[in-house]
Amino acid sequence: MRAAPVSRTGARVERLPLARFTTLGVGGESEVWFVSDHAQLAEAMEQPYRILGGGSNLVIADEGVPERVIRLSGPLAERDLEPDPHLSTEDEIVTGWVGGGVPLPGLIRQLQKLGLSNLEGTVGIPAQVGGAVWMNAGTRYGEMFDGLHTIEIVTPQETRQVMPDDLQWGYRDSGIPRNHVVSRVRLRLRRSTPEAVLEKMEFADQARKGQPKMKTPGCAFKNPGGVSAGRLIDEAGLKGTRAGNALIAPEHANFIVNLGGATAADVHALLDTIRERVPVPMELEYELWPERLPAAQSPGRQAADRHQADVHRDGPTT
């Protein structure tokens, strides 16, 4: 195994299989930098890099990636939810800094206990704050930009702070370029009660009841033109389609799950099959590392039709 370099700023650097950091559970070995402050982050960004947060929307190649993989840790994974007295009002608070490496589910639970509203629509998204902001993660009931006041963005050249209105953000898109890192944010939240926030969370969570419980990166495709991607995939007869050990979930056609031992090539085979069979252009919601596996490296492609499973049409479509 190739040795990892030694960091001059004290970052922990190891060569590790990336599958352990993703909800899908695929991805080969790469050089991982665990950075806990801006100096370590700046050093890690001196060479080509990628940022790995909660891994909830990632399909990583079985060979890993050649770039450094950066994980935010330490103070960059801590949260200060105390109201800023200079920015907060009677009805609304602006928090201290919340690190990009903070797990979103735990943050949402803590906000509920404090009776703070605006982000409960993101309940159930297994992301870290930085990645969730970068892609403006959300559900039909809310998204990250509903609760942002300030975003700290780091590039190899600078660290700067921006407001949401400074960005061209929209559906599943923050407008933040790919080579920028969301290191910290301040949240803009409404004062409510724990009971009221919990009620909204439970309502939003109902939409997830029909989603698969197996290893998955979440929804594979964005809804084209407001039409349900899951419904389009279902109508193409693809629920239950299998390639290797990857499966288009019978519960929800816009989810691909790992049955155990699936490879990135298996997943790409299913993505290709969906794009071929659905009659409208489909834009990926997954992030691919690297951006595209060559077709020649997708041996599961032909298996997708060969292993067609029973098609179930009683699952939810969103």
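Predicted model: local features only at pLDDT ≥ 70, side-chain atom pairs only at ≥ 80, totals over all residues.
**Figure 1. Strand 10 and its two partner strands.** On one pairing, strand 10 is joined by 6 bridges to strand 12 (residues 181–191), and the two run antiparallel. Val 154 stands opposite Val 181 of strand 12. The pairing with strand 11 (residues 159–162) is also antiparallel and has 4 bridges. Here Ile 153 has Arg 160 of strand 11 as its bridge partner. Strand 10 and strand 11 make up a hairpin, with 4 residues between them.

**Figure 2. The largest nonpolar core.** This core has 33 residues, and those touching the most other members are Val 98, Leu 107, Leu 111, Val 133, Ile 151, Val 185 and Leu 187. Two or more residues each come from strand 6 (92–99), helix 2 (104–114), helix 3 (129–134), strand 10, strand 12 and helix 4 (194–206). Leaving out residues up to four places away in sequence, Val 133 touches Met 144, Phe 145, Leu 148, Ile 151, Ser 174, Ile 176, Val 182 and Val 185. Another core, of 27 residues, lies apart from this one; among its members are Ile 233, Ala 253, Met 282 and Leu 288.

Figure 3. Arg 242 has Leu 247 in strand 14 as its bridge partner.

**Figure 4. The salt bridge between Asp 84 and Arg 186.** This pair forms a salt bridge in which the closest N and O atoms are 3.1 Å apart. Asp 84 is in the loop between strand 5 (68–72) and strand 6, while Arg 186 is in strand 12, so the pair ties together parts 102 residues apart in sequence. Both Asp 84 and Arg 186 are buried.

**Figure 5. The salt bridge between Glu 143 and Arg 172.** The closest N and O atoms of this salt bridge are 4.0 Å apart. The pair links distant parts of the chain, 29 residues apart: Glu 143 belongs to strand 9 (residues 142–143), and Arg 172 to the loop between strand 11 and strand 12. Glu 143 and Arg 172 are both buried.

**Figure 6. The salt bridge between Lys 222 and Glu 283.** The two side chains meet at 3.3 Å, N to O. Glu 283, with a relative accessible area of 48%, is partly exposed.

**Figure 7. A network of salt bridges.** The residues linked in this network are Arg 50, Glu 67, Arg 178, Glu 287 and Glu 291. In the whole structure, a search finds 18 salt bridges.

Key
Residues numbered from 1 in each chain as written. Heavy atoms only, no water. Pairing = 2+ DSSP bridges. Core = buried A, V, L, I, M, F, W, Y, C linked by side-chain atoms within 4.5 Å. Buried < 20%, exposed > 50% of the residue type's maximum accessible area, 1.4 Å probe, protein only. Contact = heavy atoms within 4.5 Å.
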